[in-house]
Amino acid sequence: MPRLSHGATASLESVQVAMSEIDALNLNLSSPVMLAVPRRLTAFDYMFQDLQGDENLLPAGAATIENLQLLGATMVDTAPADASNADIPAAYTYLGQFIDHDVTLETMSDLLGDLVEPTILPKASVLQRIKNQRTATLDLDSVYEPPAPFAGERMQLGVVSLEGHPVTADREMDLPRAARDSDSRFDRFALIGDARNDENLIIAQLHVAFLKAHNAIVARGHNGHTARRILRQLYQWIVVEDFLRRVAGSTIVDRVLADGNRFFTPDDANFFLPLEFTVAAYRFGHSMVRAKYEFNRNFGANGVQGPGSLDRLFTFTALSGELGSGVGADTLPENWVIEWQNFVSSTPNPARRIDTHLVDPLFRLRDEKGNPLPGLAAKLATRNLLRGYKLRMPTGQAVAGKMGVAPLAPSVLMTLILENADRAGLSTGDKDALRRSSFDTHTPLWFYILAESEIAEGGAHLGKVGGTIVAEVLIELVRRSADSIYASGNDWTPAQLSEDLQKPISAEFTLRDLLELAGVL
């Protein structure tokens with residue numbers, strides 16, 4: 001799989017070529033050295049089938065494309081220090097990304113065309129040419145799929161490179177990696193079930209924690225199969241009872257658990273992953289990303305080796321960077337091992353509020369060599385908006401109406417848009433264009449979900465529309481997962497694993513507890 005910039009979508013054709021090359025390469029090797037994605041292609045479809053009429057979509061045409069680019073430009077955060085979310089620590093931003101990589105690898109055909117071409121794609125074309133390369137269930141296949149290497153019953157880990165200023169005596173704190181290679185597709189690539197978990201250093205270190213948690217369970221006397229079952233169940237619990245309750249709110253989670261899904265109800269024969277989830281609702285996490293982190297004692301505001309900037313977190317990986325500047329190191333330098341205690345409480349690294357702003361680095365994305373990407377490729381917010389338009393996302397108002405939720409008032413939405421435009425320094429002419437855009441009554445679904453959180457919930461968590469989509473999809477995926485905690489009803493708790501893990505396990509098991517089990521906190 002080729003290296004990717006942050007937020008890039010792999011093309012269906014490039015993934016198919018990569019899979020063929022990997023298969024050919026592996027015939028001559030004793031162990032695989034590259035991502036091998038699952039061959040089971042999960043269908044995408046629309047959760048709200050009856051909202052696919054033109055009246056429920058953004059107006060087609062060049063004017064909408066131009067206005068979406070203006071709307072994207074309003075979303076740059078000019079005051080990120082004022083946007084902290086006291087209720088969600090930064091670790092959950094990247095747990096959300098880890099979950100995304102576990103359930104979806106969206107590949108979009110090169111034949112779908114340029115994002116700024118004004119045609120809205122026909123529904124049949126969207127469903128035919130966009131595929132999911134993952135299993136779309138919460139099975140931890142990103143951890144356990146080949147080429148993830150095993151050492152007996154244990155998962156193999158990578159050894160960090162000596163660099164000075166280490167933060168732990170444990171040297172097995174990197175992902176397992178291939179050796180250096182003149183071919184960038186294989187150079188130091190992480191040997192894990194989804195190479196995107198080496199996209200930035202925080203998610204890479206979270207993947208390391210899952211590998212170490214598996215090994216900790218094996219160390220308590222279990223074989224690899226049992227350890228996999230236990231870790232999957234702990235993970236599924238965390239997704240619903242820790243992550244979802246934080247980002248969607250307990251009111252929505254309790255309703256879905258008690259009453260079942262109202263809107264995402266696929267039958268077994270036609271299971272699919274909703275595009276409203278992957279293209280719009282679940283992209284709320286982009287607004288939670290910080291521009292800088294107190295990463296460890298070496299890298300932060302007072303770090304002895306400089307700031308823990310978002311740019312650097314991409315540099316110290318293999319998929320998005322080179323494990324350092326220039327040619328980098330063979331493996332992660334030991335001074336870049338994460339200190340998780342900085343990320344599992346709101347001090348010193350709270351996530352950003354869920355709102356209509358993204359930090360500046362997400363408007364100047366770079367390629368794997370650190371070079372600025374050109375034009376729209378550098379602007380994550382604009383790309384999200386344009387893809388939603390092309391892929392037939394219904395408006396926020398249409399989805400709210402379908403759910404029986406009172407839509408956000410047009411005057412409130414337009415005030416928010418124009419205030420954002422002022423903060424971003426847009427011209428009077430651009431603001432006039434936004435006033436005429438009809439985005440106050442026909443709002444792009446992704447923007448609407450962020451605005452709903454900002455206006456109705458103060459950015460603390462998703463609102464009714466966004467929270468319902470995210471909660472219904474993730475809880476349904478847990479229900480359909482291998483070793484599902486809901487296989488015999490909703491009464492399962494982690495306390496049932498106390499005997500297996502030879503220690504008392506709290507029924508309120510959280511991400512912090514998983515990191516403690518892994519021995520990294």
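Helices α2 and α11 make a right-handed crossing (the near helix is turned clockwise from the far one by less than a right angle). In this predicted model, local features need pLDDT of at least 70 and side-chain atom pairs count only at pLDDT 80 or more, while totals for chains, interfaces and linings use all residues. Residues are numbered from 1 along each chain as its sequence is written, and side-chain values use heavy atoms, with hydrogens and water left out.

The axes of α2 (residues 62-73) and α11 (residues 380-390) come within 8 Å and cross at roughly 145°. Those axes are lines fitted to C-alpha atoms over the stretch in contact, with angles from 0 to 180 degrees between N-to-C directions; helices are DSSP runs (H or I, at least four residues) numbered from the N terminus. Look in α2 for Thr 64, Ile 65 and Leu 68, among others, meeting residues of α11 that include Leu 385 and Tyr 389 (contact means heavy atoms within 4.5 Å).

Now turn to Arg 423, which sits in helix α13 (residues 410-424). Arg 423 counts as partly exposed because its relative accessibility is 39%, where buried is under 20% relative accessible area, exposed over 50% and partly exposed in between (1.4 Å probe, protein chains only). Its C-alpha atom is separated by 6.7 Å from that of Thr 78, 345 residues apart along the chain. Leaving aside neighbours within four places in sequence, Arg 423 also touches Asp 77, Ala 79 and His 357, besides Thr 78.

Finally, visit α8 (residues 250-259), where the buried residues are Ile 252, Val 253, Arg 255, Val 256 and Leu 257. These pack against α7 (224-247) and α16 (464-479). Just after α8, Gly 260 takes a positive phi of about 85°.

How values were computed:
Helix = DSSP H or I, 4+ residues; strand = E, 2+ residues; numbered from the N terminus.
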